[in-house]
Amino acid sequence: MTSQAAPDTTAVLTAMYEAESRYLAAGGPGRATFDLLAPCFAPDVVLHQARALPYGGTWRGHDGLTRFFLAMSETWETFEIGKQEFLATGRTAVVHTHVRARARATGRELAFPILQTITVRDGRISQVRPFYWDTAAIVAATTP
């Protein structure tokens, strides 16, 4: 059974995904300013990516997220967000996302799910933990 995220959490997530779309439409990393996304994230936001990924590690604050988006754009030529489901309630949301991406280094395409836990504090995202179904497949697709 799927539950809806709490209204405040849903509003924060919806605003962030809309801001991300505007950011990417404006040219994305290296071209658009992170100011489009900044209001959605706490200044001390922490993003934990699986270390095995080409953009793995812990990214902190708005500067860290700016560097993360640059690392993602260096890895992926395209990164299309498909169907999304908001699954949890309360301060921590769980978002299930389907992705289709093409690796910049190899041209290989890959479709995969990501499950993210996203913590919202004072109306802004304060922590993100994405869980990938198969990090080895991502590394294989992105490594020449």
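Trainee: How many bridges join strand β3 to strand β4, and do they run parallel or antiparallel?

Mentor: Two strands pair if DSSP finds at least two bridges between them, and strands (E, at least two residues) and helices (H or I, at least four) are DSSP runs numbered from the N terminus. In this predicted model, where local features need pLDDT of at least 70, side-chain atom pairs count only at pLDDT 80 or more, while totals for chains, interfaces and linings use all residues. Residues are numbered from 1 along each chain as its sequence is written, and side-chain values use heavy atoms, leaving out hydrogens and water. Here β3 (residues 76-86) and β4 (residues 92-103) are antiparallel and joined by eight bridges, with Phe79 opposite Ala101 in β4.

Trainee: What do β4 and β5 form?

Mentor: They form a hairpin with five residues between the strands, and Gly107 in the turn has a positive phi of about 75°. Eleven bridges join β4 to the antiparallel β5 (residues 109-121).

Trainee: Which residue has a positive phi although it is not a glycine?

Mentor: Most residues other than glycine have a negative phi. Asp122, however, has a positive phi of about 55°, and it is found in the loop between β5 and β6 (124-132). Asp122 counts as exposed because its relative accessibility is 74% (exposed means over 50%, buried under 20%, partly exposed in between, with a 1.4 Å probe and protein chains only).

Trainee: Which residues does Phe112 touch?

Mentor: Contact means heavy atoms within 4.5 Å. Not counting residues up to four places away in sequence, Phe112 touches Trp76, Phe79, Thr97, His98, Val99, Ala101, Tyr132 and Ile138.
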